[in-house]
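Here is a short note to read alongside the structure.

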Amino acid sequence: MTSKLNETKQFYWYAIPGVTAFLALVGGSFFYNIYLSFNDWQGIGTPTWIGLTNYKELVHDHTFWLSFLHAVEFIFAMSIIPTALGLLIASLIYDFIAKHFGNAVSTFLRISLYVPQIIALPVVGILWAWMLSPNVGVINTILKNIGLDRFALNWLGQGGTAMFSLSVMMIWIQIGYTIVIFISGMSRLDPYLDEAAQLDGATWFQRFRIITIPQLYPEISVVGLTTTVAALKVFGPVYVMTNGGPGDATQVPAFFSYFHFFSTLRVGYGAAIATVLALILTVLAISLLRLQRKVELSR
Amino acid sequence: MIAKKKIGLTPYLVLIGLIIMALVWLFPLYIAFINSFKPEDEFTKNGVLAFPHHWDFSKFGKFWGEVNFSRKLFNSMQVSILVSLIAVTLSFLTAYAIGIGKVKGRNWILGFFMVAFTIPQEALIYPLYSVSKMFNLYDSLWSIIIIFGVMSTGFGTYLLSSVMSTFPDELLEAARVDGASPWRILRSIVLPLLRPTLFVLATMFFIFTWNEFLIPLVMLPSNDHQTVTLSMAITTGQYTSDPTARAAAALIGFMPSVIFFLIFQRTLMRGITLGAVK
């Protein structure tokens with residue numbers, strides 16, 4: 001018994017490098033950032049303690065609220081829509097394509113839809129900005145070719161369409177991720193239930209809704225969590241495509257804090273934005289995990 | 001003999017629908033591809049959709065030379081490989097203590113890593129920036145190697161300890177009865193059995209690091225130290241006037257990722273789905 005206790009203690013040594021480095025780098029930076037959010041600082045000299053002033057200003061900052069509104073729109077484009085569509089498409093691939101046309105076809109479909117996931121977000125942004133450019137861009141060219149000239153807009157250059165264009169791009173990016181996760185989830189399900197329902201004359205959509213979806217709750221919650229977190233963290237595409245504009249039309253929290261850190265040099269204010277974002281993400285993640293556990297227990 | 005079931009019309013409709021969707025999804029890559037090889041006068045005359053008559057490889061070389069792409073490739077390779085090595089090693093050791101050693105407080109350590117996963121990089125960037133200046137690591141590749149090497153440990157530990165906690169107990173018990181030390185168990189049992197998983201993790205870290213943007217953007221201002229992703233994002237703005245050069249730039253930018261993906265497709269898919277199963 002004592003030897004086993006000693007042994008357990010010996011294992012602590014293995015955790016020390018990773019935990020220490022992580023605590024110092026991530027933990028240290030995080031708390032230093034919180035400290036900065038209570039200060040007025042230009043990045044040089046000594047920070048001046050101003051208490052909650054930055055946060056009080058945030059509450060009245062119209063752009064700050066707007067940036068969070070856009071983050072919520074990205075939750076639709078990056079999490080809710082891709083999850084719903086991903087479930088449907090994964091199920092179609094799994095039930096119809098793999099069964100009747102073989103693995104080669106289903107692999108081709110999966111890989112084609114997954115490709116946007118492998119490209120770095122800023123590079124994707126460059127590609128789309130190029131496709132969306134008003135005069136020579138491919139999207140407007142197609143619209144003009146099919147006689148829809150009035151819809152050939154300056155997509156990223158107008159406040160009314162910039163967010164919409166980014167959202168469409170996000171759906172294009174995200175769907176591959178949800179499909180891959182859901183297909184792998186489906187392969188773990190017992191086909192018995194589905195076959196029994198089929199014998200009872202249930203239609204495909206009934207089986208999808210009543211049998212497949214409930215069994216995929218674990219995957220759905222993981223996908224929901226990771227994509228929601230990603231939606232609130234969007235930075236790269238906004239940086240390369242719109243710079244938060246036109247005006248503040250595509251302003252998001254991550255870009256807004258970067259803007260104050262490195263453009264206005266209001267480091268304390270940027271730190272306050274980043275702290276609020278971190279707080280929201282943490283609370284959101286914990287409550288989604290809780291919810292997930294509740295759903296699991298209730299079944 | 002069971003009669004072959006009739007397929008019916010529905011599967012064919014589904015197939016056609018999904019193939020159209022896949023082609024729409026691949027369309028941006030196709031259009032970037034044909035335009036990066038299209039001579040400029042053809043572009044002006046025939047537009048963006050036309051297939052090139054003559055293949056013009058010069059824009060490729062021009063862009064490659066102008067942004068010194070070889071240098072960027074080398075930087076990105078160096079950073080991504082070292083980050084994978086550091087992160088896999090640190091995650092493996094920490095996960096060993098948690099998953100196999102079952103040390104006290106392991107749930108706290110895991111919970112801490114989980115929470116840290118949700119923290120946005122913006123909430124860390126300014127401190128990292130000012131501290132790296134203090135240590136003279138600003139504008140050095142080492143800054144981002146250290147940062148990503150350590151930051152990736154959170155996800156790696158989480159993933160590996162859940163894999164290790166399913167490790168067969170009998171194997172470990174037998175080794176303990178034989179008097180094997182923790183180091184011995186690590187080297188002769190756990191490491192060999194987990195090697196494929198570690199490879200999956202290393203591939204994922206490699207690609208994640210390759211695609212990182214914000215931290216390199218802040219840490220690496222000078223041209224010679226930039227990574228591929230970073231240099232793509234900030235140099236292509238100069239090419240707004242020439243649409244075909246921009247297509248070539250985008251193509252060069254995502255080519256490495258596509259090549260890695262084709263090489264590591266299976267490994268990567270395993271990793272992505274591994275992460276989703278708790």
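The points below begin with the conventions and then turn to the two topics.

1. This is a predicted model, in which local features need pLDDT of at least 70, side-chain atom pairs count only at pLDDT 80 or more, and totals for chains, interfaces and linings use all residues. Residues are numbered from 1 along each chain as its sequence is written, chains are lettered from A and ligands numbered from 1 in the order in which they are written, and side-chain values use heavy atoms, with hydrogens and water left out.

2. Gly176(A) sits in helix α7 (residues 159–186) of chain A; helices are DSSP runs of H or I, at least four residues, numbered from the N terminus. Gly176(A) counts as buried because its relative accessibility is 1%, the cut-off being under 20% relative accessible area (1.4 Å probe, protein chains only).

3. Beyond its neighbours within four places in sequence, Gly176(A) is in contact with Leu113(A), Tyr114(A) and Gln117(A), where contact means heavy atoms within 4.5 Å.

4. Chain B has domain 1 (10–56) and domain 2 (67–276), with bounds from an automatic or database domain assignment. Their contact takes nine residues from domain 1 of chain B and seven residues from domain 2 of chain B.

5. Domain 1 of chain B and domain 2 of chain B bury about 680 Å² between them, 80% of it on carbon and sulfur atoms. Buried area is the accessible area (1.4 Å probe) that two parts lose on being put together, summed over both. Within domain 1 of chain B, Ser36(B), Glu40(B) and Phe43(B) lose the most area to domain 2 of chain B, together 50% of what that side buries.

Definitions and conventions. Helices (H or I, at least four residues) and strands (E, at least two) are DSSP runs, numbered from the N terminus. Buried means under 20% relative accessible area, exposed over 50%, partly exposed in between (1.4 Å probe, protein chains only).
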